[in-house]
Amino acid sequence: VPDAPFDLVHCTEVIEHVIDTNAFARHLARLTKPDGYLYLTTPDAGHWRRPARFIDWPEVKPLEHINWQTRKSLSALLDRHGFDMVHVAFNLKPGLRTVARRRSA
């Protein structure tokens, strides 16, 4: 896929299925033009409503969901790939709904 910078990249409920999150985030950065936005959602492993026993959480789906993000880990991942998180929506459901902006070159 050639570089195709978009003003907005919409990525919902995908990253938890990806083996190499760094390669995935790098690809998202290639698709998002500088000063463009990324809207990304994923289950939130650090959410206050997630069961204390991780395995009891319905979002734990071995072989389907293979990695987990918290607000902090997602922010660090996106930061490494040139994004600043500008908004994380309040969510009663244990999920992250984030908007990130790709930094200018």
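How much space lies in the largest pocket? In this predicted model, the figure comes out at about 150 Å³. The lining is made up of Asp44, Gly46, His47, Trp48, Arg71, Val88, Ala89, Phe90, Asn91, Gly95 and Leu96. Sorted by class, that makes five nonpolar, four polar and two charged residues.

Glutamine 69 itself sits in the loop between strand S2 (32-43) and helix H2 (71-80). Its relative accessible area is 6%, so glutamine 69 is buried.

The loop between S2 and H2 also holds arginine 53, and here the picture is another one: with a relative accessible area of 53%, arginine 53 is exposed, because the cut-off for that label is over 50%. Arginine 53 is twelve residues from threonine 41 in sequence, yet their C-alpha atoms are 23 Å apart in space. Arginine 53 does have a charged partner, though: a salt bridge joins it to aspartate 56, with 2.8 Å between the closest N and O atoms. Aspartate 56 is partly exposed, at 44% relative accessible area.

That contact belongs to a set of salt bridges whose count comes to five. Another one brings together the side chains of aspartate 35 and arginine 101, at 3.3 Å from N to O. This pair ties distant parts of the chain to each other, since aspartate 35 is in strand S2 and arginine 101 in strand S4 (residues 95-102), 66 residues apart. Both partners are partly exposed, aspartate 35 at 35% relative accessible area and arginine 101 at 33%.

A further salt bridge runs between arginine 103 and aspartate 79, whose closest N and O atoms are 3.1 Å apart. Again, distant parts of the chain are linked: arginine 103 lies in the segment after S4 and aspartate 79 in helix H2, 24 residues apart. Arginine 103 is partly exposed at 31%, and aspartate 79 is partly exposed too, at 40%. Through shared partners, salt bridges join Asp79, Asp84 and Arg103 into one network.

Away from the charges, Leu8, Tyr37 and Val86 make a nonpolar surface patch of about 280 Å². Of these, leucine 8 belongs to strand S1 (residues 6-12). Its relative accessible area is 52%, so leucine 8 counts as exposed.

How values were computed
Residues are numbered from 1 along each chain as its sequence is written. This is a predicted model: local features need pLDDT of at least 70, side-chain atom pairs count only at pLDDT 80 or more; totals for chains, interfaces and linings use all residues. Side-chain values use heavy atoms; hydrogens and water are left out. On a 1 Å grid over the protein atoms alone, a cavity is a set of points where a 1.4 Å probe fits but cannot get out, and a pocket is an open set with protein on both sides within 12 Å along at least five of seven lines; lining residues have an atom within 4 Å of a point. Grid points are joined across faces, edges and corners, and a volume is the space filled by probe spheres set on the points. Ala, Val, Leu, Ile, Met, Phe, Trp, Tyr, Cys and Pro count as nonpolar, Asp, Glu, Lys and Arg as charged, and the others, Gly among them, as polar. Patches are made of residues with over 30% relative accessible area and no salt bridge: like charges are joined within 9 Å, nonpolar side chains (Val, Leu, Ile, Met, Phe, Trp, Tyr) within 5 Å. Accessible areas come from the Shrake-Rupley method with a 1.4 Å probe; for residues, only the protein chains shown count as cover. A salt bridge is a side-chain nitrogen of Lys or Arg within 4 Å of a carboxyl oxygen of Asp or Glu. Helices (H or I, at least four residues) and strands (E, at least two) are DSSP runs, numbered from the N terminus. Buried means under 20% relative accessible area, exposed over 50%, partly exposed in between (1.4 Å probe, protein chains only).
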